[in-house]
Amino acid sequence: MGEALMKMYETLDETAQKEAYDYVAYLVYKQQKQKTASQEHIDKFFGVLSDEDAAVMMAAVDECRRIEPDEW
């Protein structure tokens, strides 16, 4: 397929070749950008809770959900 693309590319004038090059460069950049969104990068961006911190947060949430019928 690469040879066929090169043959087609060679038939284009200089302006069209520049446009084709820019488009392919964009596609490569876009693909590389998607590859970098690994779990490691996501974890660094959002952070990761330890099991202990998560348990403390869940206990606080559960306490906030508790209904005290005598308080009203």
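Asp 22 forms a salt bridge with Lys 18, with 2.8 Å between the closest N and O atoms. A salt bridge here is a side-chain nitrogen of Lys or Arg within 4 Å of a carboxyl oxygen of Asp or Glu. The structure holds 1 salt bridge. This is a predicted model, in which local features need pLDDT of at least 70 and side-chain atom pairs count only at pLDDT 80 or more, while totals for chains, interfaces and linings use all residues. Residues are numbered from 1 along each chain as its sequence is written, and side-chain values use heavy atoms, with hydrogens and water left out.

Both partners lie in helix H2 (residues 14–35), 4 residues apart, about one turn of the helix. Asp 22 is partly exposed, at 35% relative accessible area. Lys 18 is also partly exposed, at 49%. Buried means under 20% relative accessible area, exposed over 50%, and partly exposed in between (1.4 Å probe, protein chains only).

The chain contains 4 helices and 0 strands, in the order α-α-α-α. Helices (H or I, at least four residues) and strands (E, at least two) are DSSP runs, numbered from the N terminus. Of the 72 residues, 0% are buried. The accessible surface of the chain is about 7300 Å², and carbon and sulfur atoms account for 59% of this area. Areas come from the Shrake-Rupley method with a 1.4 Å probe; for residues, only the protein chains shown count as cover.

Tyr 23, Val 24, Tyr 26, Leu 27, Val 28 and Tyr 29 make a nonpolar surface patch of about 610 Å². Such a patch joins nonpolar side chains (Val, Leu, Ile, Met, Phe, Trp, Tyr) within 5 Å, from residues with over 30% relative accessible area and no salt bridge. Tyr 29 is found in helix H2.

A pocket is an open set of points on a 1 Å grid over the protein atoms alone, with protein on both sides within 12 Å along at least five of seven lines; lining residues have an atom within 4 Å of a point. The lining comprises Leu 5, Met 6, Met 8, Tyr 9, Leu 12, Ala 20, Tyr 21 and Val 24. Helices H1 (2–10) and H2 each give two or more residues to this lining. H1 gives the most, with 4 residues.

Terms used: Patch = residues over 30% accessible without salt bridge, like charges linked within 9 Å, V, L, I, M, F, W, Y side chains within 5 Å. 1 Å grid on protein atoms, 1.4 Å probe; cavity = no way out; pocket = protein on both sides within 12 Å on 5 of 7 lines; lining within 4 Å.
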